[in-house]
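User: I am new to this structure. Please take a close look at a single part, then show me what else stands out.

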Amino acid sequence: MPDTVFHVRKVSKVYHMGEVEVHALRGVDLELFPGEFVVLLGPSGSGKSTLLNILGGLDVPTSGEVFYLDHNLTAAAPAELTRYRREHVGFVFQFYNLIPSLTALENTALVTEIAENPLDPRECLRLVGLEERLNHFPAQMSGGEQQRVAIARAIAKRPEVLLCDEPTGALDYPTGKLVLEVLERVNRELGTITVVITHNVVIADMADRVIRISSGEIIDIHKNEKKVAPSELTW
Amino acid sequence: MTALNKKLLRDLWRMRGQLITVALVVACGIATYVTMRGSYESIANAQRDYYAKYRFADVFASLKRAPDSLETSIAAIPGVSKIQTRIVVEVTLDVPGLPEPALGRLVSIPERGAPALNDLCLRRGRSIEPGRRDEVLVSEAFANANRLDVGATIGAVINGRWEPLRIVGIALSPEYVYEIRGAEVFPDNKRFGVFWMSREALGPAFNMEGGFNDVSISLSPGGSEAGVISRLDNLLEPYGGLGAYGRYDQVSNRFLSDEIVQDRITGIFIPAIFLAVAAFLIHVVLSRLVHTQRSAIGLLKAFGFSNTSIGLHFLGFSIFAVLLGTLLGVPLGIWLGRGLSRLYQDFFRFPELRFAPTVNMIVSAVAISGGAACFGALNALRSVAALPPAEAMRPEAPARFRPGFAERLGLQRFVSLSARMILRNLERRPWKATLSVVGLAFAGAILIVGFYFYDAIEYLVRVEFQRAAREDVGITFNEPHGSSARYSVERLPGVLRAEPFRAVPARLRFEHRSRRVGILGLSDDRDLRRIVDQNLRVIDLPPEGIVLSESLARILGVSPGDTITIEVLEGQRPVRRVMVAGTVQDLIGTSAYMDISALNRLMREGETISGAFLSVDSLVAPGLYSFLKKTPAVSGVNVREAMLQSFRNTIAESLNLSTGALIAFACVIAFGIVYNGALIALSERAHELASLRVLGFTRTEIGWMLLGEQAILAGVSIPMGFLLGYSICGLLVYAMQSELYRMPLVISGRTYAFAFITITLASAISGLLIARKIRNLDLVAVLKARE
Ligand SMILES: Nc1ncnc2c1ncn2[C@@H]1O[C@H](COP(=O)(O)OP(=O)(O)OP(=O)(O)O)[C@@H](O)[C@H]1O
Ligand SMILES: [Mg+2]
């Protein structure tokens, strides 16, 4: 087995809502390896997003430890987390979160301007099949196109990890598939660790590993013997 | 509590920063209204009560001397109710502790009983006792300025001899609410005072036994003032009457009434600005609130809530702001009003000037600001009503952008991405950007208006005391002298230069309009006393003809080239005609100037002078003053420096309070607008900023993106604010011009700098507050929601 990239140990997350305590994560242990494609499955409210946000340095656990290589994310100051996100992590969300006042190219360039060893933004957009739409604003694109811009933006900095929270959640079947193809291609060609949250069980077939979460605990980790290409998935 | 009310309370709490800033602006509006309107009402009431209770006369006249028997003829004039004849003379005073001589006006009162008209209000001590000829009552203003109390003695030149006057009481008179000497504009209570003395004492001393030289008349109900004046003039004509006049021309009353009118104007003007800004802020905040709560509104409507109940719900914000503003503004206004009344007491002496805001006024203050708040809310409420529920619940279409202006020019290479974001955001909603700029411009403008009053006064001082009146001392003879007097004056100890002047009291008449003024004749080699217009230009006097203040020309309805009638009010009282040679745009009073020789020719007199302006060696000035004190031929001495000092002490002091308050309020407004603008920008852009944070931008970087936009708005607004401020000042100048003074429309660089710095500071502080909010931006929460 190659070296682990992420090391998650006994991570818990508790939200205090007045008197009530919500345990979003309960002692999660997990390791992620270079270049793998992981799908996170689980019912609503099970803690998937919480885990992803912790991995991405958007949030910190209540207890336990998270290591990215030799960075201890749990002990990091906010400024360090910002640097970690800036240098190593790409995010894709259900609602794209593009900057409406910037074109596709500019949304991508936004990231390459602050990254150390970025890809060419045009190259990224070509990778997601949008070389024709460089100068379009988000409002001038379909949801799928916007999501592909979001992916281009996420990979433009050559991140070590790409974290996607329901990237196809707002998309229809063919568009969703297109987006998954892009993710698979990025994973294959750039070797980026890719973690995808989804409610769509079918998508699990294209992963190296499938992790199931329920009530804040990992209940199963399944290794796919044979990955299925996204184009062959049907739902 | 209903769920809707709970929502309201939560919204209010969440928006407490905005709520407080709006409430503070409302409070400023209410406070200025209560202060200014309250001052206006209290001073107007005090005037009315004072005049009624102390029987202020309606018609006044001075004359050379008439026998007491004339009184019955005066009483026979139809429309005359009461008559009070008097002896009024002016004397030189020696006041303990004052180096230069002062001028006292001695007014006779009956030894027994109260005067029929112009009764006195005794403040301290007692009234004069019959038979005690040296006892006097002194005006409170003079007593306070010179720290004289009951029991003090001062010297007066009476009939060429120094006589001691013993102060037994301190009094006020409705005739001297504003106590100034002759043709002055600002009070100098140290050097001019009114004394009341027994008629039995004054008569013999001034050769007035069995006669009088002054008469006051009250009109019977329905009596015609004009009719009484013209008949009285006819009656007094043979006795050297100087022309009767009504209350309008009575100096103290005119100043007071002018002040009251001005108070009424500023009491409408200034609060209106504040309330307009409050309405503006409420408009901005509520529009934004409705915008962010579109889907909630749609939902409420879908559930069957009526437009009215939803509208009231959003109106709740305005109502709360007004309530809070009232709670703060009313006590603040009362407090300021009390302070202002105390300062008023230094200019206007009333038996009682109490700042007593009426319930009526406070109710109207609240009603007006409530109205302004509702007006501000109107637009937001209309959009609530217009929102169809189904559409409201659909998320808004993504914002449409297009390449910015600079990029269309092909300049994008020079514009960074964050700058492009800022520019495109501004360009996408130009109306909103305009509103923000207008709001900020108003903030700047109000600051400029606040500081402008200082500038105006400084400028006035420069024109009047440094450019026009440059003499150290002005002396007036007790009667006109031949020109040889000029040389006697030049030989006085310490006098470096003397310029003679001739002052002739006259009534100027053109068609049916007339005005009493003093015509000032100046020598043509003048260097000390000059005529200066409001642009600091020195005006030349033509060898013939008369030059009038622009304001006087307007009153008379004359322009250069017209010929006016001059009825001289001294000596032989000749009536002459003279051409208006020009007008001068001066700042103070209504003046008429002539070349001294031309004036002498007009009077058909030889070289005659009424006094002289002197430049004095300051080292020997005290010697000169004590010499002048003992010179009976000199009836008045004006020391310019002392007048300037007293001007600064009185005017500047009262200005400090009102302007200080105005500036403090302006700062509140500036801050309120800037802070609200930035908060709203933050709430609108929170999603975008959080996305940027997720991408790894630091707080500082996104802070600049947001605040950069605010900085651009502030930058654009500042010159606009300057322009707006200038215009408002212009409007104020126009609204507040009176016969007594015109405020010059000059705004100093210092004022602009202050306004600039204040706006910048307000922006910086609200920037810091916003930066703190950016630091606490919850990334995860923001990303959960669709924009
Ligand atoms: N800010 C918060 N405050 C309180 N509780 C929270 C907060 N965020 C999440 N939770 C709770 O933590 C639990 C896990 O939330 P999380 O968003 O990770 O679920 P999820 O698996 O992503 O669900 P979904 O599939 O619906 O997106 C939920 O029970 C949720 O109510
Ligand atoms: Mg989730």
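Analyst: Start with a cut-off. A residue counts as buried when its relative accessible area is under 20%, and as exposed when that area is over 50%. One caution comes with it: this is a predicted model.

Now the part itself. Helix H1 of chain A spans residues 48-55. Of its 8 residues, 7 are buried, and the helix is mostly covered. In general, an α-helix has 3.6 residues a turn, so residues three or four places apart point the same way. After H1(A) comes Gly57(A). Its phi is positive, near 75°.

Chain A has 6 helices and 10 strands. Across its 235 residues, 57% count as buried. A compact globule with 235 residues would have a radius of gyration near 18 Å; chain A has 17 Å, so the two agree. Along the principal axes, its C-alpha atoms fill a box of roughly 50 × 40 × 40 Å. Take the contacts in chain A with a separation of 6 or more: 71% of them join residues 24 or more positions apart.

The surface and the charges come next. Chain A exposes about 9800 Å², and carbon and sulfur atoms supply 48% of that area. The chain carries 23 positive and 32 negative charges.

Strand E1(A), residues 6-17, runs antiparallel to E2(A), and 9 bridges join them. There, Lys13(A) stands opposite Leu25(A) in E2(A). In general, strands of a sheet pair through backbone hydrogen bonds, either parallel or antiparallel.

Covered elements occur in chain B too. Take strand E10(B), residues 211-219: 9 of its 9 residues are buried. Strand E1(B), residues 59-67, runs antiparallel to E10(B), with 6 bridges joining them. Here Ala66(B) stands opposite Phe212(B) in E10(B). Strand E2(B), residues 80-86, is also joined to E10(B) by 6 bridges, again antiparallel. In this pair, Arg86(B) faces Asp214(B) in E10(B).

Strand E7(B), residues 153-158, is another case. Here 5 of the 6 residues are buried, so the strand is largely enclosed by the rest of the structure. E7(B) pairs with strand E3(B), residues 88-94, in the antiparallel sense over 2 bridges. Asp94(B) has Gly155(B) in E7(B) as its bridge partner. E7(B) also pairs with strand E8(B), residues 161-172, in the antiparallel sense over 6 bridges. Ile158(B) stands opposite Arg161(B) in E8(B). E7(B) and E8(B) form a hairpin with 2 residues between the strands. In that hairpin, Asn159(B) takes a positive phi near 60°.

Back to the helix. H1(A) is mostly covered, and Gly57(A), with its positive phi, follows it.

Note on methods. Residues numbered from 1 in each chain as written. Chains lettered and ligands numbered in written order. Predicted model: local features only at pLDDT ≥ 70, side-chain atom pairs only at ≥ 80, totals over all residues. Heavy atoms only, no water. Helix = DSSP H or I, 4+ residues; strand = E, 2+ residues; numbered from the N terminus. Rg over C-alpha atoms; globule rule 2.2 N^0.38 Å. Buried < 20%, exposed > 50% of the residue type's maximum accessible area, 1.4 Å probe, protein only. Contact = heavy atoms within 4.5 Å. Areas by Shrake-Rupley, 256 points an atom, 1.4 Å probe, with all protein chains shown as cover. Lys, Arg positive; Asp, Glu negative; His and termini not counted. Charge placed at Lys NZ, Arg CZ, Asp CG, Glu CD. Pairing = 2+ DSSP bridges.
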